[in-house]
Amino acid sequence: MSAGLREQVALACRMIALEGYVDLTLGHVSAREPGTDTVWIKRKGPALDEVEPDDVIALDLADHDALARPEYHLESVMHTEVYRVRPDVGSVIHGHPVYATALGSTDADLQMLTHDAVLFADGIGEFDEGPDLVTDRARGARVAAALGDRRAALLRNHGVVIAGEDVRWSVLTAIVLERAIRFQAIAGSLGPVRPISDEDALALRPQKYRDGFMDEYWSAWVRRVERTSRFPVASP
């Protein structure tokens, strides 16, 4: 299982890199080993589009001193604090995608304009304590509280935090959120927008987003990574 999760996290980093999440060597993906306190997380150093399985390292949720070690990203605490309060979450992503970070730097809200947006029909969280890095447990816990039981939260003037049932769902959420906001930016430049009603968005969501579709989506993302990858990959 560990080897499979490490490869999935490495692939996830490559996948979101192709969707606009690259920002120097910043941004990180993690996955929780089911039934354990072990989390597999991208190490500090490589950029998202450079990550290979050896760049994914173990993190023990029970070891409160682990994050002081230099191999972990300074903001890995966002991952650990989300996992602590969300037993339903199997994967976490933090990054600085262009459109979502831009939206989080305004007073605008995500609108239900496309199929992409309906994944967030229950809303997205907002962490509005300023742009400082999230490097301590107390601040990380407040990020987790801002996320609540939702799939995504905007960190004001900073970036996003994403939570998914597993790596497939966290990647989907990261990609779909950025697409939804990009479409919103385009639509707003063309004329008055016409949002989907809340009722229609809630009805459409389970039709569009199903666990039964996830392996197909994952395989497509893997093939895309393979076309640009330096190392051979296989769908876990």
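Two strands count as paired if DSSP finds at least two bridges between them, and the strands (E, at least two residues) and helices (H or I, at least four residues) used here are DSSP runs numbered from the N terminus. The model is predicted, so that local features need pLDDT of at least 70 and side-chain atom pairs count only at pLDDT 80 or more, whereas totals for chains, interfaces and linings use all residues. Residues are numbered from 1 along each chain as its sequence is written, and side-chain values use heavy atoms, with hydrogens and water left out.

**Exercise 1. The sheet**

Task: Determine in what order the 7 strands of the open sheet are arranged, and which strands stand at the edges.

Solution. 
- Step 1. Begin with E2 and E3, which pair in the antiparallel sense over 5 bridges; within this pairing Trp40 stands opposite Ala58 in E3.
- Step 2. On to E1, which runs antiparallel to E2 and is joined to E2 by 3 bridges, with Val39 in E2 as the bridge partner of Arg32. The hairpin of E1 and E2 has 5 residues between the strands, and there Gly35 takes a positive phi near 75 degrees.
- Step 3. Turn to strand E6 (residues 152–155) and strand E7 (residues 159–164), an antiparallel pair with 4 bridges, in which Ala152 is placed opposite Ile162 of E7.
- Step 4. The complete order is E3-E2-E1-E4-E7-E6-E5, and the pairing is mixed. Strand E3 (56–60) and strand E5 (125–127) are at the edges, because each has a single partner strand and one side of each is therefore left without a neighbour in the sheet. From one strand to the next the twist averages 20 degrees, where angles run from 0 to 180 degrees between N-to-C directions and axes are lines fitted to C-alpha atoms, for helices over the stretch in contact.

**Exercise 2. Helices against the sheet**

Task: Find which strands helix H2 touches, and which strands helix H6 lies across.

Solution. 
- Step 1. Taking contact to mean heavy atoms within 4.5 Å, helix H2 (residues 77–85) packs on the sheet and touches strand E1 (28–32), strand E2 (38–42), E3, strand E4 (91–95), E6 and E7, its direction making about 145 degrees with that of E4.
- Step 2. Helix H6 (residues 167–190) lies across E1, E4, E6 and E7, and runs at about 145 degrees to E7.

**Exercise 3. The H2 and H5 crossing**

Task: Describe how the axes of H2 and H5 cross, and state where Glu81 is placed.

Solution. 
- Step 1. Two packed helices are described by the angle between their axes and the distance between the axes. The axes of H2 and helix H5 (residues 137–147) come within 8 Å and cross at roughly 55 degrees, which makes H2 oblique to H5; angles under 35 degrees count as roughly parallel, over 145 as roughly antiparallel, 65 to 115 as roughly perpendicular and the rest as oblique.
- Step 2. The residues making this contact include Val77, Met78 and Glu81 of H2 and Arg137, Gly140 and Ala141 of H5.
- Step 3. Glu81 is in helix H2 and is buried, with a relative accessible area of 5%. Leaving aside neighbours within four places in sequence, Glu81 is in contact with Arg137, Gly140, Ala141 and Ala144, while its C-alpha atom is separated by 9.1 Å from that of Ala145, 64 residues apart along the chain.

**Exercise 4. The aromatic cluster**

Task: Classify the ring pair of Phe213 and Tyr217 and that of Trp218 and Trp221.

Solution. 
- Step 1. Rings of Phe, Tyr and Trp (its six-membered ring) pair if their centres lie within 6.5 Å, and planes under 30 degrees apart count as stacked, over 60 as edge-to-face and the rest as tilted; the count by this rule is 3 aromatic pairs.
- Step 2. Phe213 and Tyr217 are 6.1 Å centre to centre with 55 degrees between the planes, a tilted pair.
- Step 3. The ring centres of Trp218 and Trp221 are 6.4 Å apart and the planes are at 80 degrees, so this pair is edge-to-face.
- Step 4. Phe213 counts as partly exposed at 26% relative accessibility, as does Tyr217 at 25%, whereas Trp218 and Trp221 are both buried. Ring pairs link Phe213, Tyr217, Trp218 and Trp221 into a cluster.

Technical notes
Buried means under 20% relative accessible area, exposed over 50%, partly exposed in between (1.4 Å probe, protein chains only).
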